[in-house]
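Subject: Handover of a structure for your review

Dear colleague,

Please find below the structure that I am passing on to you. I would be grateful if you could look through it alongside the notes that accompany it.

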Amino acid sequence: MTFTVHGLAVSRGIAIGRAVIVASSRIDVAHYIVKPAQVAGEIERLRHARDAVAAEIGKIQQGLHELSGADAHPELSALLDVHLMLLQDEQLSSGVKHWIVERQYNAEWALTSQLEVIARQFDEMEDPYLRERKADLEQVVERILRVMRGAASAVAAPAAGGDGDPASGTTGVPLVLVAHDLSPADMLQFKQSVFTGFVTDVGGKTSHTAIVARSMDIPAVVGARGASHLVRQDDWVIIDGDAGVLLVDPSPMLLAEYSDKQRRGEVERERLSRLKNTPAVSLDGQRIELLANIEQPQDVVSALNAGAVGVGLFRTEFLFMGRAGKLPDEEEQFEAYRRTVEGMQGLPVTIRTIDVGADKPLDRGAGRTSDDHINPAMGLRAIRWSLAEPAVFLVQLRAILRAAAYGPIHLLIPMLAHASEIRQTLALIERAREQLSASGTEYGPLRLGAMIEIPAAALTVPLFLRHFDFLSIGTNDLIQYTLAIDRADESVAHLYNPVHPAVLQLLASTIAQSRAQGKPVTVCGEMAGDVSMTRLLLGLGLRSFSMHPAQILAVKQQILRCDTGKLSSWAQSVLVAEDPAALMTD
Ligand code: PEP
Ligand code: MG
């Protein structure tokens, strides 16, 4: 029977497919579709791993026996028996085979899919003893996965994690991922994967997981509480990314209705794509700069395809995440930045220095950030982290300076609030230049910018304008810190309000002061890509927007219909209204 789970809409469109439930602990398991000819090989790979684990357990049992006699460790011995039994379990092996043969999942994915199915059954058991066997099953599966990780795969996992595009996947069955939580790094791993949509139980609308989902331009819903428990492996589901709703086990009527909606969305996209080469000029002749937010060098392709006139925000921290604790060295970073700049073919690239911490933790062992329990959003994050790790920061600065010899780079510093931080940052940039000069290494010029994303910074804009060439307003954090709402916490998501009068005051005054001094100012938070905010931002005087490539054409369409002269008086009335949201539809 159909039921719905409500969450937060983070990425537009409709996805219809089979649910793939992935437990948080198994997100790093490879997920890809194998070719029909590889199916037998995958089954063999599993059988081999299972036999190896059985032999391993047999050896432990033997050792126990030799060491201390038959009955010295009855509990341990009984546990190993249970593990051996689970290993041979018919439901496990036939289920795994089903996923490989019917869905052409790779062996690891098939194994964890079946684990989810059986684990649910254990969860529903009345008998506490049997319920506890779930942990044993998880251990057995973990052992098999470990053996498979160690053994060379007969079928190499495709580089991007997928063996083809999802719609034309070998089995032709679209798949949507349902998980309790996904970190931004997990999400990045799923970029170009087989999934056509995402749903998570937790997360806010501007959490970095949601931001990466948006950059993938596929329907996504976060904060859909309970979804990963309510949905079963392989259920048919519909993700309505516009409404923030997940429909489970839809009736034929609902399926027809949403298929139609999906088709209409595709037609609309097709229509928008014709605007790619149209300049973003308002009815009254104001030229608006539309820039792209990117996470990886390869994203420049979608930026150019969307007609972006530059990169307004390269979130470089994604180069530092999901690397098993090893940070990229100067050479690797230089290559990434050079590739990006060259890829943009002479258009400017704004590179933001590393912004780790809060909901973008580094891998364990890769550096110190604030612990989860002491409110990391207010802790050692962004420039605070860089200034606490000057050696790492200098590596990044040198790499960016070197890449600047290959094209126009704007350097953007996140989360500044204090004059002392500005002084330290500028001194380190100077030191990086001196180091490169001393070693005779070529480097290029940089324009320097500061992010305005803490209310303290927005209230001291003249300080920033004195020291920097341009400003970029990070509305995601500016809203979070102004309203004291954790952007990653869905339980307070209803209070996360971009048009709260306090937020609007800070935005308006930052834009006005920058313009008065003739310095460029951009908005690069999610607000810039939200079409319902375009008129207001134009009315407040904003002329430069940076957003995910997927949002550029829709925002451009809004701009083409606007008369900025008329919008400015309206925006002033919104600014002083008690309830600005009520005026937003005027
Ligand atoms: C912001 O805070 O608005 C921003 C663009 O930076 P991030 O989302 O990466 O924190
Ligand atoms: Mg920010």
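The notes below set out what was found, topic by topic.

This is a predicted model, in which local features need pLDDT of at least 70 and side-chain atom pairs count only at pLDDT 80 or more, while totals for chains, interfaces and linings use all residues. Residues are numbered from 1 along each chain as its sequence is written, chains are lettered from A and ligands numbered from 1 in the order in which they are written, and side-chain values use heavy atoms, with hydrogens and water left out.

Domains

The domain assignment divides the chain into domain 1 (3–24 + 158–271), domain 2 (36–151) and domain 3 (275–583); such bounds come from an automatic or database domain assignment. Between the C-alpha centres of domain 2 and domain 3 there are 47 Å.

Helices (H or I, at least four residues) and strands (E, at least two) are DSSP runs, numbered from the N terminus. Both Glu453 and Asp477 are buried, where buried means under 20% relative accessible area, exposed over 50%, and partly exposed in between (1.4 Å probe, protein chains only).

Cysteines

A search of the whole structure finds zero disulfides, a disulfide being a pair of cysteine sulfur atoms within 2.5 Å. Cys524 is buried, at 2% relative accessible area, and Cys562 is buried at 4%.

Helix packing

Helix α9 (residues 252–273) packs with helix α20 (residues 549–560) at an angle of about 70°, and their axes are 9 Å apart. Helix α9 is therefore roughly perpendicular to α20. Axes are lines fitted to C-alpha atoms, for helices over the stretch in contact, and angles run from 0 to 180 degrees between N-to-C directions. Angles under 35 degrees count as roughly parallel, over 145 as roughly antiparallel, 65 to 115 as roughly perpendicular and the rest as oblique. The crossing of α9 and α20 is left-handed; a crossing is left-handed if the near helix is turned anticlockwise from the far one by less than a right angle, and right-handed if clockwise.

Positive phi values

Asp217, a residue other than glycine, has a positive phi near 55°. Asp217 sits in the loop between α7 (208–216) and β6 (220–222) and is partly exposed, with a relative accessible area of 26%. Ala382 is not a glycine either, yet has a positive phi of about 50°. Ala382 belongs to helix α12 (residues 382–388) and is buried, at 0% relative accessibility.

Residues in helix α6

Met187 lies in helix α6 (residues 184–189) and is buried, with a relative accessible area of 2%. From Met187 to Ala9 the C-alpha distance is 16 Å, across 178 residues of sequence. Ala185 is also in helix α6 but is partly exposed, at 23% relative accessibility. The C-alpha atoms of Ala185 and Thr200 are 14 Å apart, with the two residues 15 apart along the chain.

In helix α1 (residues 39–68) lies Ala55, which is partly exposed with a relative accessible area of 48%. Ala55 and Leu84 are 29 residues apart in sequence, and 9.6 Å separate their C-alpha atoms. Arg133 is in helix α5 (residues 128–150) and is buried, with a relative accessible area of 14%. Arg133 and Glu44 are 89 residues apart in sequence and 26 Å apart, C-alpha to C-alpha.

With kind regards
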